[in-house]
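Open the model in your viewer and keep the selection panel at hand. The stops below go one by one.

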Amino acid sequence: MNGLTAAQVAAAKPNDVPRQTSRSLSAIIRANVFTFFNLVIGVLWVLILIFGDWKDGLFGLVIVANAAIGIVQEWRAKRTLDKLAVINEAPVRVRRDGADQEIEPRAVVQGDLILLGPGDRLLVDGDVVQSDNLEIDESLLTGEADPVHKKPGDEVLSGSFVVAGSGAFTATKVGADAYAVKLAQEASQFSLAHSDLRDGVTKFIKYITWLVVPIGLLLIWSQLRNDTSFDVAITRAVAGLVTMIPEGLVLMTSIAFAVGVVRLGRRGALVQELPAIEGLARVDVLCVDKTGTLTQGGMDLDEVIPLAGAPYADPLAALANVDPRPNPTAQAIQARFPAMPDGWQARENVPFSSARKWSGADFGDQGCWVLGAPDVLMEPGTPGYGQARQLAMSGTRVLALCRTPDLSGTAAEPAALVTLKQRLRPDATATMEYFAKQGVAVKVISGDSPDAVSAIAQTIGIPGAANAVDARLLDEADYGQALEDNTVFGRVTPQQKRAFVSALQSRGHTVAMTGDGVNDVLALKDADLGIAMGAGSPATKAVAQVVLMDNRFSTLPHVVGEGRRVLANIERVSGLFLTKTFYAIVISLLVGVIGLTFPFAPRHSTLVNALTIGIPAFFLALAPTYERAKPGFVPRVLRFAIPAGVVCGVATMISFMAASPGSSLTESSTAAVLTLFLVSWWVLILIARPLTMLRIGLIAAMGALFAAALTIPFVRDFFALEPGDVGNDLIAVTIAAVAAVIVTVAVKLTATLRT
């Protein structure tokens with residue numbers, strides 16, 4: 001039991017497990033450079049350099065920009081995640097050379113004697129060598145919710161955690177050999193957050209991939225059939241294909257996720273899975289625990305109320321000091337009773353668990369004593385029962401000290417009531433007001449008595465807090481309706497918390513769960529979004545997707561707001577990129593079928609795309625927004641992009657074909673570019689709504705830049721624009737105005753359609 005010596009530690013195998021919070025730098029570079037889009041654009045760029053003018057190859061810079069921006073942003077996010085992950089790693093208590101010490105998880109070696117207490121997460125596998133009522137929850141590994149009693153000689157596995165008691169085990173498998181590493185790369189990576197946004201973008205890419213090759217061949221064939229040279233045919237075909245590819249959409253998605261991680265990191269929130277940011281936006285029900293979430297960690301002993309003159313000082317002091325790793329309740333009592341009384345020694349003790357609601361010990365000749373919830377240990381009508389209820393209704397934390405014939409917790413004789421002061425979080429009221437305004441329903445789910453939970457919830461101002469429900473009186477079949485009708489629940493067991501989350505999800509809600517104790521782990525794991533407090537147990541922080549490192553409840557509005565900003569803005573810019581894709585498809589098909597020359601060159605496409613999509617999308621993707629995300633991302637984007645893209649494409653072709661018969665190809669292309677810009681610019685205005693001063697300024701700036709491209713000689717020459725034909729220009733503007741009206745009406749009509 002003295003543990004390893006320093007020499008043995010130096011020679012032993014270390015617990016070397018790579019952190020899973022983010023990709024390595026090499027993986028980030030590969031993921032941003034070697035993409036399908038970069039391959040396609042690279043091939044098209046090479047074709048332009050071989051067959052066309054280098055000025056038409058400006059779109060090739062997209063490869064460099066996409067890769068550079070994506071790498072920089074994800075690297076920033078990685079650094080933020082890794083720094084916070086180091087802070088988040090709970091130290092491991094080991095015994096070496098006979099002395100107890102705390103070390104970082106990576107410093108654990110094979111053969112270490114690891115000490116365990118309530119809330120500790122097991123990072124390596126091993127064999128138990130000491131057990132003091134040690135109970136291990138292996139639900140993350142086996143799915144079995146009931147804790148398992150462990151005795152010396154039993155095997156314990158990484159990924160499980162201690163729910164009660166204490167003990168020690170010898171590490172037998174560390175690093176990549178550990179059970180949890182083989183199964184799930186640590187409990188924090190047990191499941192990947194679902195991303196509707198990521199899945200939607202993947203679908204877009206897949207569909208467009210199937211269209212690039214056939215439409216490209218059609219364009220080349222149609223251009224050659226139109227008696228253009230092979231060089232011009234290649235150049236114009238490339239213009240159509242480049243416009244089809246939403247090359248910036250993946251980039252903007254990555255940037256929005258990465259910037260969200262960095263922003264939340266600055267506020268002390270560790271996002272352990274990037275897609276979890278999206279989950280933040282979809283939350284419509286927030287389940288919170290009372291202790292450690294609405295109230296601050298730690299309590300203060302208020303008073304001890306004797307019942308019927310029974311002795312209380314010595315048994316209360318003995319119970320507070322019997323556990324070598326006291327919980328917050330015992331710590332508060334220890335502040336007044338700091339030592340074990342003379343003549344008291346525990347033969348056997350039962351540690352506190354949220355399922356039992358009490359702890360106790362057998363002190364031999366001094367008797368068996370238990371300390372726990374009055375409504376669990378005391379029968380109605382016994383001395384002090386009514387007084388305990390009245391105290392709880394005022395928001396006071398009340399415990400009953402009882403003498404029992406054995407450690408079953410039954411036939412208890414009350415000796416005293418112990419009241420504890422809980423510390424309300426000063427930011428809890430403002431945080432709850434925020435969620436009420438944002439339409440997020442709050443459910444307080446606590447293991448404490450319903451009266452105590454109700455009192456705290458009413459103090460904070462949670463709607464419906466006066467009607468607290470005792471979860472022990474609920475049938476499982478009634479959970480869903482009870483949660484819809486009520487806000488505050490007391491005496492909720494860990495298994496019920498998990499069932500409550502499931503019941504809400506079955507009714508179509510997106511559920512976030514906050515917590516800090518081991519009794520919250522199962523619910524956190526099953527929730528759509530698990531949020532752990534930084535001062536919580538290691539097991540809680542391991543399974544949560546978001547950890548509030550600074551332990552500030554007021555960070556939650558920023559967490560939810562950041563998720564909404566990311567998803568709403570990506571949906572907004574997706575409409576821009578997909579509009580471009582659809583008008584490129586329409587133009588390419590019309591050109592291929594009719595056999596016309598493609599209406600513009602790659603440099604024209606670069607100019608229009610930059611001013612109506614690329615630059616605006618960058619700012620729109622990072623703009624603040626408070627809209628709650630809704631399911632159906634893909635259908636909504638398509639309902640906007642398809643009609644907008646079709647109208648843009650048809651208007652552009654009409655403008656190109658309506659140019660004066662004597663116009664040169666460059667003049668006709670200029671008319672098409674003018675129409676395309678104006679209609680796309682109007683699409684940008686529709687997408688940017690509601691219009692703020694910043695968005696109006698952005699839209700006006702894009703219009704001014706296009707005007708400059710038409711009027712400044714060297715810019716006009718560079719982009720091969722000839723706007724001098726008044727007739728062509730008037731036709732182009734008129735067609736654009738009509739198309740803008742049609743787009744507005746079409747988008748409004750399709751927005752009413754249901755998927």
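**Stop 1: Lys13 and Asp177**

Select Lys13 and Asp177. They form a salt bridge, with the closest N and O atoms 2.3 Å apart. The pair links distant parts of the chain, 164 residues apart. Lys13 lies in the loop between helix 1 (6-11) and helix 2 (25-33). Asp177 lies in the loop between strand 7 (161-173) and helix 6 (179-184). Note that this is a predicted model.

Lys13 is partly exposed, at 36% relative accessible area. Asp177 is partly exposed too, at 34%.

**Stop 2: Asp16 and Arg106**

Next, select Asp16 and Arg106. Their side chains meet in a salt bridge, 3.8 Å from N to O.

Is Asp16 buried or exposed? Asp16 is exposed, because its relative accessible area is 53% and the cut-off for exposed is over 50%. Arg106 is partly exposed, at 26%.

**Stop 3: Glu135 and Arg356**

Move on to Glu135 and Arg356. A salt bridge joins their side chains, at 3.3 Å from N to O. Here the partners are 221 residues apart, and the pair links distant parts of the chain. Glu135 belongs to strand 4 (residues 125-137). Arg356 is in the loop between strand 11 (348-350) and strand 12 (358-362).

Check the accessibility of each partner. Glu135 has 5% relative accessibility, so it counts as buried, the cut-off being under 20%. Arg356 has a relative accessible area of 22% and is partly exposed.

**Stop 4: a network**

Select Asp375, Asp470, Arg472 and Arg491 together. Salt bridges link these four residues in a network. Side chains of opposite charge can pair when their charged atoms come close. Now widen the view: the structure holds 18 salt bridges.

**Stop 5: helix 12**

Finally, select helix 12, residues 313-321. How many of its 9 residues are buried? The count is 7, so helix 12 is largely enclosed by the rest of the structure. Highlight the buried ones: Pro315, Leu316, Ala317, Ala318, Leu319, Ala320 and Asn321.

Notes. Residues numbered from 1 in each chain as written. Predicted model: local features only at pLDDT ≥ 70, side-chain atom pairs only at ≥ 80, totals over all residues. Heavy atoms only, no water. Buried < 20%, exposed > 50% of the residue type's maximum accessible area, 1.4 Å probe, protein only. Helix = DSSP H or I, 4+ residues; strand = E, 2+ residues; numbered from the N terminus.
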